[in-house]
Amino acid sequence: MLPILGLAFFSLQMDRGNISNALTSTITEDLGITTNQINTGSSLLSAGIVLLEIPSNILLQRVGPQKWLSCQIIAWGLVATFQNFITNYGGYLATRLLLGLCEAGFIPGALYTMSTWYKKSESSLRISIFFLGNLVASATTSLIGAGILSMGNRYGVAGWRWLFIVEGAITIGVGILFILFLPPKVGNGSPLISFGRWSYFSRRESYILVRRVLLDDPAKTTNHLRISGADVWSTVRNPRILLHIVITLTSTVPVNAINTYGPSVIKSLGYGTVRANAMASVGSFIAAVVTVLLARICDATGRRAPSLLAAAAWSIIAFACLREAYQWSAGRKYVAVVFSMAMNSTVHILNVGWLTVNCRRPQERSVAMAMIIMGANAGGIAGSQVFRTQDAPLYQTAFTACLVLSAAVAVEIIVLSVWYLVSNRNLKKRGDTPIVTGKTEETPDGHQIELAKKWKWTW
């Protein structure tokens, strides 16, 4: 399941992030638009995702992840491919908005599906592995884009149009693989391609997969959920969850900004289009390694805040250096750009795992996952406006904004961790009453066990 979800995430990030590669081609000249108008299209894409995030997640609970997520991948793959036909600014805006609407709900839906398969102590590492699809896409999209753009105007088609054609076709292929090979749900390992004749797991393994998760967190359920308006409202107004959203929103603004314009900044240092796109991939490869390492530390220690603080501190140092890099040589400035991109979404990814383990009900977890991805895309809307045409070529204002936001993230993480620590202390004073579900489960040796669990906030 995890490799399949990661591959789908790869295609999602590839299709919405390839605009940074197209910017180094002739898209602005061919469509007669400016950098600021490109930013507007990026904002519309994020707005489309935010608009349908929660409705899409509610539909996933009713239809099932295998069917719903598969349809989404095919839909946005078709839109991504058809972007090559746009000829003006209106067409560009329409396709970016439609791409966002089709992608809405995929990430929280995948995250919720994963939460039904894994225990809390396994969540951070698995979530980071899932987000490797995002990070690897950020890295390899630059490499793939460099290769595709080198095709130039082959057969009279501009390089950026080939970019949309090839990468959209890849996504459609991923969607077909997703439909055929994704296991329907925990305990049912028979993918569509098996026609019910074989399963990824034996009957005993399926039993263990279900029971181990329920024993770890009795609130989890393997059946389709019914999410009511009251469930949505209680989650939306939960201040603890809202602070997680603020952390993600604040941290993704500089991430989206530097990811979109990183290749262009590198190109401005005197490198060619193909080389600039290839050089921009280095930061994302570093981010992939660092994110998995920090996630492993989170699961091993049972603590999330220290790893998030380390990632935030990295971003502060990187953007502080980049802000002063206008006085440096091209080589040193390139290193500063790479290090600013090397903490690519790490805070957000670790924050998703932090929120997941602190959700007390499956309905809350499902809505919270949609909310935190909405926060990330809201950050994308703001991030697409950080680098402005009038600020070129030094972008001092943009780098200053990224530095301030990174510092704000560190403060927010400290506040939330203190909140959890104080809450745990209050629970301990009250005796930490166990959560009893009223359910019993029969073990393989015939004994009945009660599914009960003491609650403790994870900081």
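Leu 215 belongs to helix 10, which spans residues 203-216. Helices here are DSSP runs (H or I, at least four residues), numbered from the N terminus. Leu 215 is partly exposed, with a relative accessible area of 44%. Buried means under 20% relative accessible area, exposed over 50%, and partly exposed in between (1.4 Å probe, protein chains only). Asp 299 lies 84 residues from Leu 215 along the chain, and their C-alpha atoms are separated by 18 Å.

The model is predicted; local features need pLDDT of at least 70, side-chain atom pairs count only at pLDDT 80 or more, and totals for chains, interfaces and linings use all residues. Residues are numbered from 1 along each chain as its sequence is written, and side-chain values use heavy atoms, with hydrogens and water left out.

Phe 195 sits in the loop between helix 9 (159-181) and helix 10. Its relative accessibility is 64%, so Phe 195 counts as exposed. The phi of Phe 195 is near 55°, a positive value in a residue other than glycine. Most residues other than glycine have a negative phi.

Ser 281 is found in helix 14 (residues 281-301). Ser 281 is buried, with a relative accessible area of 3%. It touches Ala 139, Ser 142 and Leu 143, leaving aside residues up to four places away in sequence. Contact means heavy atoms within 4.5 Å.

Two packed helices are described by the angle and the distance between their axes. The axes of helix 12 (residues 239-267) and helix 19 (residues 396-430) come within 9 Å and cross at roughly 155°. Axes are lines fitted to C-alpha atoms, for helices over the stretch in contact, with angles from 0 to 180 degrees between N-to-C directions. Helix 12 and helix 19 are therefore roughly antiparallel, a term for angles over 145 degrees. Residues in this contact include Leu 243 and Ile 247 of helix 12 and Leu 405 and Trp 419 of helix 19.

The largest nonpolar core has 53 residues. Such a core is a set of buried Ala, Val, Leu, Ile, Met, Phe, Trp, Tyr and Cys residues joined through side-chain atoms within 4.5 Å. Helix 18 (residues 362-383) gives the most to this core, with seven residues. Ile 107 is one of the residues with the most contacts inside the core. Among the residues that Ile 107 touches are Phe 9, Phe 130 and Ile 373. Another core, of 41 residues, lies apart from the largest one and includes Ile 19 and Cys 402.

Technical notes. Helices (H or I, at least four residues) and strands (E, at least two) are DSSP runs, numbered from the N terminus. Angles under 35 degrees count as roughly parallel, over 145 as roughly antiparallel, 65 to 115 as roughly perpendicular and the rest as oblique.
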